[in-house]
Amino acid sequence: MAITTASDIKPVLNRLRRAQGQLSAVIAAVENGGKCRDVVIQLAAVSSALDKAGFQIISTAMQKCLTDPDDTSDPMTVEELQKLFLTLA
């Protein structure tokens with residue numbers, strides 16, 4: 001299932017851009033000798049933002065699978081969707 005509509009893409013891109021900004025902050029903190037606690041907190045934020053983007057993508061695919069089972073744009077079985085979901089868990 002492809003993410004095809006603007007309403008599907010926008011929240012994912014927002015989360016990925018947030019993660020990108022947080023990752024830049026982590027890199028800068030490491031390069032500048034930032035405090036361990038601050039670096040780990042920022043790294044956790046990056047990880048969380050990426051996880052949420054992944055869950056958003058999978059959620060969208062699951063919704064499309066349920067509402068339009070004949071969609072052939074990127075066919076996925078329920079088992080494949082479950083496997084993708086578990087890769088983020």
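How exposed is Gln 56, going by its relative accessible area? Gln 56 comes out as partly exposed, at 25%. The close-ups below come from a predicted model, in which local features need pLDDT of at least 70, side-chain atom pairs count only at pLDDT 80 or more, and totals for chains, interfaces and linings use all residues. Residues are numbered from 1 along each chain as its sequence is written, and side-chain values use heavy atoms, with hydrogens and water left out.

View 1. Gln 56 sits in helix α2, residues 36-67 (helices are DSSP runs of H or I, at least four residues, numbered from the N terminus). Partly exposed is the class between buried, under 20% relative accessible area, and exposed, over 50%, using a 1.4 Å probe and protein chains only. Setting aside residues up to four places away in sequence, Gln 56 touches Pro 11 and Val 12; a contact here is heavy atoms within 4.5 Å. Ile 9 is 47 residues from Gln 56 along the chain, yet their C-alpha atoms are 9.5 Å apart.

View 2. Thr 60 counts as buried, with 4% relative accessibility. Its side chain gets to 2.9 Å from the backbone oxygen of Gln 56. As background, residues three or four places apart on an α-helix point the same way, because there are 3.6 residues a turn.

**View 3. Helix α1 end to end.** With 26 residues, α1 spans 37 Å from first C-alpha to last, close to the 38 Å expected at 1.5 Å a residue (that is, 1.5 Å times one less than the number of residues). Asp 8, Val 12, Ala 19, Gln 22 and Val 26 are the buried residues to look for in α1. After the helix comes Gly 33, with a positive phi near 70°.

**View 4. Gln 22, tucked away in α1.** Gln 22 is part of helix α1. Why is Gln 22 classed as buried? Its relative accessible area is 18%. Beyond its neighbours within four places in sequence, Gln 22 is in contact with Gln 42, Ala 45, Val 46 and Ala 49.

**View 5. A nonpolar patch on the surface.** Ile 9, Leu 13, Leu 16 and Leu 50 make up this patch, and together they have about 290 Å² of accessible area. Helix α1, residues 6-31, supplies the largest share, 3 residues. Leu 13 lies in helix α1 and is partly exposed, at 33% relative accessible area.

Technical notes. Patch = residues over 30% accessible without salt bridge, like charges linked within 9 Å, V, L, I, M, F, W, Y side chains within 5 Å. Areas by Shrake-Rupley, 256 points an atom, 1.4 Å probe, with all protein chains shown as cover. Salt bridge = Lys/Arg side-chain N within 4 Å of Asp/Glu carboxyl O. Helix = DSSP H or I, 4+ residues; strand = E, 2+ residues; numbered from the N terminus. Polar contact = N/O pair within 3.5 Å; in protein donor to acceptor, adjacent residues only side chain to side chain.
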